Amino acid sequence: MIHKQLSRRLFLASSAMTLGACSTGRIPSLVRMGYRSPNEKLNIAAIGAGGKGRSDIRNCKSENIVALCDVDWNRAADSFDRYPNAKRYFDYRKMLEKEKSIDAVTVSTPDHTHAIAAMTAIKMKRHVFVQKPLTHDVFEARQLTAAAREYGVATQMGNQGHSGEGVRILCEMIWSGVIGPVHTVHVWTNRPDDWLQGYPDPLPPEPVPKDLNWDLWIGTAPWRPYNSGYHPSDWRGWWDFGCGALGDMGCHIMDPVNWALQLGPPESVECVSQVAKNNQTAPRSSTIRYNFPARNGMCPVTVYWYDGGHMPHWPDGIPQSTKLGDGENGSLFIGDSGMITAGEYGGNPRLLPDEKMRDYTFPAPIIPRVEDHAQNWLQACKGGVPACSNFDYAGPFSETVLLGNVALRCEGKLEWDADKMRIKNHSDANRYLHRNYRKGWEF
């Protein structure tokens, strides 16, 4: 009975964006306030049309693709060819100003551009879909969350696993009490696997490719000469532009932990170990520990993050032949009476050891299911229920993820005051919560 009461309490406590994402299809009264019919097409623009932007635009193919912006027209050529009637821009600010018909925008750029591009669109009352991590730093996440509420726009972060079946099953397993109170979670990734980290020096200047506007690419970041090691694909490891392995995968692999355990802000975060710490790039590998207080009837929990080959100790009583997570990526939940492991996006959740799954019956579904992450957002843009990873969920969650990067740059346990958005015991660490912006690109 206690576990059933806990499941119901957690179900009711989950925010509207999480549990309303696949509701009845009833269109709220917002339609009468100017929102579109669910059968009417939206006018979509893209900020970032190459790279990840290609798939984000294709995921909106049910709508009208009216404008495409990218600072590198060579990288964006495929999208330009696919949508020949869409207007083309280098500068998203000019696009948003000139194209008055735009209803909604996808933001699929390097991390350092996410917040300013999204905020510009939000203040024009355009709905936004922003790739993960939502922002480059904690301050930006807090500001975007507040702005989305103020301007009443539909939002979604691009952590597509949050719309998956696996993460919902995992939540329902945890909430059923099958492994008892969860006190420890281990989360790991093999990233960085194909970009540079642990490199201490700026790269030498190279000629700027003819189809690339390097000044616009630099955007908010401090100016530095072009090098192909920054763009097109290795920017993620450089602190000025990206958020390292944690920024790449934290919003995916930590999402099931955040949701299932209703985490809220941590009390503290600390880098336990890292290899090749420096001021230019994220380290080659790291282990980070988050401590969360009791919340929503759940006990305090410690969450460990591992990347770059760091892994948790093998759990006691589990055969070495057992597959944890997906192997190179995954999570392990340890409760008072058992363990659950899951894959990269919360997929294939299962009890450990494996024989416990032979006679196991999954709990009855209590979380509404979502068929598609992008369509979930598009329906919200048309007046439907809030998208499942809208900024009321994604903003605070991104703050938690990004605090791990602050810990990578500062020694010792950092005590976090979420209400005041400050680190209580390390004054210098607070400068990594809010970066300085290049003149003309202030956030």
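# A quick tour: cavity, pocket, strands and cores

Sorted by class, the lining of the largest cavity has six nonpolar, four polar and one charged residues. (Ala, Val, Leu, Ile, Met, Phe, Trp, Tyr, Cys and Pro count as nonpolar, Asp, Glu, Lys and Arg as charged, and the others, Gly among them, as polar.) This is a predicted model, so local features need pLDDT of at least 70 and side-chain atom pairs count only at pLDDT 80 or more, while totals for chains, interfaces and linings use all residues. Residues are numbered from 1 along each chain as its sequence is written, and side-chain values use heavy atoms, with hydrogens and water left out.

**The cavity**

- Searching the whole structure turns up one cavity of 30 Å³ or more; a cavity here is a set of points, on a 1 Å grid over the protein atoms alone, where a 1.4 Å probe fits but cannot get out.
- The largest cavity holds about 30 Å³ of space, where a volume is the space filled by probe spheres set on the points, and grid points are joined across faces, edges and corners.
- Its lining residues (those with an atom within 4 Å of a point) include Gln-197, Cys-243, Ser-286, Asp-307 and Asn-405.
- Helices α10 and α13 (391–409) each supply at least two residues of that lining, and the largest share, three residues, comes from α10. (Helices are DSSP runs of H or I with at least four residues, strands are runs of E with at least two, and both are numbered from the N terminus.)

- The largest pocket has a volume of about 800 Å³; a pocket is an open set of grid points with protein on both sides within 12 Å along at least five of seven lines.
- Of the 41 residues lining the largest pocket, Lys-52, Ser-108, Thr-109, Pro-110 and Trp-235 are the closest to its centre.
- The lining of the largest pocket splits into 13 nonpolar, 15 polar and 13 charged residues.
- At least two lining residues come from each of α3 (52–58), α6 (111–123), α9 (214–218) and α10 (244–253), with α6 giving the largest share, four residues.

**Strand β9 and its partners**

- Strand β9 (residues 285–292) is largely enclosed by the rest of the structure, because seven of its eight residues are buried. (Buried means under 20% relative accessible area, exposed over 50%, partly exposed in between, with a 1.4 Å probe and protein chains only.)
- Strand β8 (residues 268–275) runs antiparallel to β9, and seven bridges join them; two strands pair if DSSP finds at least two bridges between them.
- Strand β10 (residues 301–307) is also antiparallel to β9, again with seven bridges.
- Follow Arg-289 in β9: Glu-270 stands opposite this arginine, and its bridge partner in β10 is Tyr-304.

**The cores**

- The largest nonpolar core has 102 residues, and Met-95, Ile-174, Val-185, Trp-217, Leu-261, Phe-333 and Phe-391 have the most contacts inside it. (A nonpolar core is a set of buried Ala, Val, Leu, Ile, Met, Phe, Trp, Tyr and Cys residues joined through side-chain atoms within 4.5 Å.)
- Helix α13 brings the largest share of this core, 10 residues.
- Another core, of 20 residues, lies apart from it, with Ile-57, Ala-86, Cys-381 and Ala-387 among them.
- Leaving aside neighbours within four places in sequence, Phe-333 is in contact with residues including Leu-170, Ile-174, Val-257 and Met-339; contact means heavy atoms within 4.5 Å.

**A look at Ile-169**

- Ile-169 is part of helix α8 (residues 165–176), and at 19% relative accessibility it counts as buried.
- Beyond its neighbours within four places in sequence, Ile-169 is in contact with Pro-349, Phe-362 and Arg-369.
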